[in-house]
Amino acid sequence: MEKIRVENVSYSYQNQYQKIEAVKEVSCSFEAGNMYAITGESGSGKSTFLSLLAGLDRPESGTILVEGENLLEMDRDAYRRKQISVVYQAFHLFPLLNAVENVMYPMELQGISRREARKQAEDCLREVGLGEKIFHQYPKMMSGGEQQRVAIARAMAAQGRILLADEPTGNLDSENEEHIVELLGKLAHERDYLVIVVTHNPEVARQADVCLKMKDGRMV
């Protein structure tokens, strides 16, 4: 089922010296149940494109449809709380919250009781392969692979079925990279998520169902 359709989307911004046309007339579509990889050199526009899909930036022209609804006409704060999650290379866990509390956070924002949020958070952590010894550890006590798994568990807890990942394996060794890519694939294939991964890594791209490439702001 088609989750996101992008129609002739363009986006530019002004830096200190010049106007940057980061995304140029991109059209494509993404279906649930698949993992997509978007590759390209630095500056090709792929991370900016991900920000547009996440509703963090607004396209200058063109349309992004999410399940048929124009993203610009949606409550984008609610969209990011309920429908979409973003996982970053740098994990972005809250340093003063332990693993369970990090995963509970998006559920508490949705008004789920603390007791129920804790139960669901523990279930999500187990699902990404983390045992109880991690539950009460803080990010600085975890390995990079463990932190990324907590970040993915937090994305799962948000209850959306769209997961965007910006270089999710960039800070990981090859063994943890393999585990994370396998986990993202399982979310797509077994839980019907739409997973879109921006990556420089050809090994990660090879494991996607569909690989797209951006060059100079265009999808090629």
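**Helix H3 and its neighbours**

Author: Start with H3 and H6: their axes come within 8 Å and cross at roughly 25°. Axes here are lines fitted to C-alpha atoms, for helices over the stretch in contact, and angles run from 0 to 180 degrees between N-to-C directions. That angle makes H3 roughly parallel to H6. Angles under 35 degrees count as roughly parallel, over 145 as roughly antiparallel, 65 to 115 as roughly perpendicular and the rest as oblique. H3 passes H6 in a right-handed crossing. Right-handed means that the near helix is turned clockwise from the far one by less than a right angle, left-handed that it is turned anticlockwise. On the H3 side, Ala99, Asn102, Val103, Pro106 and Met107 make the contact; H6 supplies Val150, Ala153, Arg154 and Ala157. Contact means heavy atoms within 4.5 Å.

A word on the model. It is predicted, so local features need pLDDT of at least 70 and side-chain atom pairs count only at pLDDT 80 or more, while totals for chains, interfaces and linings use all residues. Residues are numbered from 1 along each chain as its sequence is written, and side-chain values use heavy atoms, without hydrogens or water.

Helices are DSSP runs (H or I, at least four residues), numbered from the N terminus. Now turn to H4. H3 and H4 pack at about 120°, with axes 8 Å apart. That makes H3 oblique to H4. This crossing is right-handed. Among the H3 residues that meet H4 are Val100, Val103 and Met104; their H4 partners include Ala117, Ala121 and Leu125.

How enclosed is H3? Eight of its 11 residues (99-109) are buried, so H3 is largely enclosed by the rest of the structure. Buried means under 20% relative accessible area (1.4 Å probe, protein chains only). The buried ones are Ala99, Val100, Glu101, Asn102, Val103, Met104, Pro106 and Met107. Their cover includes H4 (114-127), H5 (132-135) and H6 (144-157).

Look at the ends. Asn98 caps the N-terminal end of H3: a side-chain oxygen lies 3.2 Å from the backbone nitrogen of Val100. After H3 comes Gly111, with a positive phi near 85°.

Last, the core. A nonpolar core is a set of buried Ala, Val, Leu, Ile, Met, Phe, Trp, Tyr and Cys residues joined through side-chain atoms within 4.5 Å. The largest one has 41 residues, and Leu125 is among those that touch the most other members. H6 gives the largest share, seven residues. Leu125 touches residues including Ala99, Val100 and Val103, as well as Val150 and Ala153.

Technical notes
Buried < 20%, exposed > 50% of the residue type's maximum accessible area, 1.4 Å probe, protein only. Helix = DSSP H or I, 4+ residues; strand = E, 2+ residues; numbered from the N terminus. Polar contact = N/O pair within 3.5 Å; in protein donor to acceptor, adjacent residues only side chain to side chain. Lists of a residue's contacts leave out its neighbours within four places in sequence.
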